[in-house]
Amino acid sequence: MAFAIGTLVVLGAIMVGVNDTMIQNAVAMHAGHVAGVAGPMRMAEAMRRVRTVGEGPPDAAVAGQLRRCRFTAMLQSDRATAPTTIWAVAPEQESEFTPIRRSVREGGYFERPSDLVIGAGCARELSLKVGDVVLLTTPSEHREFRVGGIFDTGIDRFDAGVSFMTLTAAADLNEPQVYFERAFFLEPGSEAVETREGIATTAQVDERVSTWPELLPEVAQLVDLNTFSMTIMTTLVVLILGFGVANALLISVMDRYRHFAVLKAIGVRPGEVARVILFEALLMCLAASLLGTGLGAAASLVWGHYGLDLSAYTSSNPHFSVNPVVYPRLTAMMMFAPQALALCAAALAAVWPAIVAASRPVSLAMREA
Amino acid sequence: MSAMTLKEVTRRFVTGNRSFPAVDNVSLTVRRGQRLALVGPSGSGKTTLLNLMGALDRPDGGTVQCLGVELSTASERKAADFRRKHLGFVFQQDALVPELTVHENVELPLVLLREDAAMRRETVDELLKALGLSQNARAYPGALSAGEKQRVAVARAVVHSPGILLADEPTANLDGISAGWVLDTIESLARKKDLTVILATHDARIFGRFESTIRLEDGRIVESHV
């Protein structure tokens, strides 16, 4: 039982770690755990907001905030033209929370502030390499940029459709249809909905604040599905445990028919015999649960420190392409739910053996022993 | 008031599709303080009769009255409470709780009666000393000889000063010397605590030591010296 509960604790920690990694990968590629979007507006206004919009009240759940400007444009090379979404960013701050710098396969990540960093898909389509010049076209202007780096996140749509420039370079543009964005990255285990409420109170009137499940419903569903699967598995294991406990306890009670008969002969009531067996089952289960939880928690903490590289199983999965390493994480729910369920199962499993022992006539038990 | 009154008590058992009476229409009265031996060959109904007297089993017919309380129709809980206060049992063998020490085994009936710890300790210590078992007080039953175990079982049966001691073949598995110790123990405690003793046996060594004897055969009383 201790082994089963320990295993459930470890599996629960892995499940939480898988969810964390999926969410982290998804939000890092998009707009953080909580995103504020305002616009469209002129580039000058968007830049003014980048400089002036405050941090808001301190929130322990917020690990950091990125400010960006987003607009659509066409990229044109000697050979082809491709649509793209340009994200104007502050490179140093972006590097802390997003994986783009780590995903650069050719060139560098804004070694020159005036460069454009494009995705591998876009580079293939336009036959571009680092150092080439590309023409950026918006409804209001045409401007040439040098390709300073090519990133490859493994997410085809992202690599083909998103390009980056610095906020400094974007400030020179006269684009009229720009969205000002704030991306909030939260500490592990923080609740996005609660944080959104705090951010929304200080946001400007035209800023729409959303959480990652609202922006990425497919990831939220995957997380829910993962949690549901784990719940089903935990329930099944606990049910099997319950049958095991009932079986072991019944055999133990049958071995001690005479023992219980002697106790009843000296005046122990049938209800007291039943209570002794229930107590015995709960005590054994509690001891096994504590041992299992302790071992499971220790294993999860060690594993959580070193991480679990799932790249062999997730190389084609966009939710793990940026970072395939899962860090198992203990949560109170996944740590104590197996214990609580196992205790309930043991209590239920002990009912039948307790009834058998309590109701067996003393004379019959003494005669058969 | 008599210690035990049985009127036309019958207990039948079913084996396969055959029903047979283990105790057949037995009536008897046991006086307070009487020492009664139920004797007879194996299968004569001694143990069944003793179980009925101690409310460990229910008769199919007739009534069992013990110290004025009707036991044949009492609920399990009421019967358990009655045994707890008024009866002491000694079984043939293996009746001690192996996980408890000698002291704890003897103390058990007092724990069930919720006596306070100091009184329990004093009573048990005195009794073990009187029986010469003090040196075994911290020992577990597994470390005792068969005779010592039975003497501990007798001590446990009388520690709470019950009105009646029921003993089922207490010397059956003992050699002559050990059997003598156990019987001496029962007799001395019965005198000291003014117990009614009803003892089932087929051990011829015991017959002469009891003032009253009832012989059973096929569940019926065939001879009575009461």
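Which residue of chain A forms a salt bridge with Asp81(B)? Select Asp81(B) and look across: the partner is Arg269(A), with the closest N and O atoms 2.6 Å apart. A salt bridge here is a side-chain nitrogen of Lys or Arg within 4 Å of a carboxyl oxygen of Asp or Glu.

Before moving on, note that this is a predicted model, where local features need pLDDT of at least 70, side-chain atom pairs count only at pLDDT 80 or more, and totals for chains, interfaces and linings use all residues. Residues are numbered from 1 along each chain as its sequence is written, chains are lettered from A in the order in which they are written, and side-chain values use heavy atoms, without hydrogens and water.

Next, select the whole interface. Chain A brings 16 residues to the contact and chain B brings 22 residues (heavy atoms within 4.5 Å). About 1,700 Å² is buried between the two chains, 58% of it from carbon and sulfur atoms; this is the accessible area (1.4 Å probe) that the two parts lose on being put together, summed over both. On the chain A side, pick Ala265(A), Ile266(A) and Arg269(A), which lose the most area to chain B, together 34% of what that side buries. The rule finds two salt bridges across this interface.
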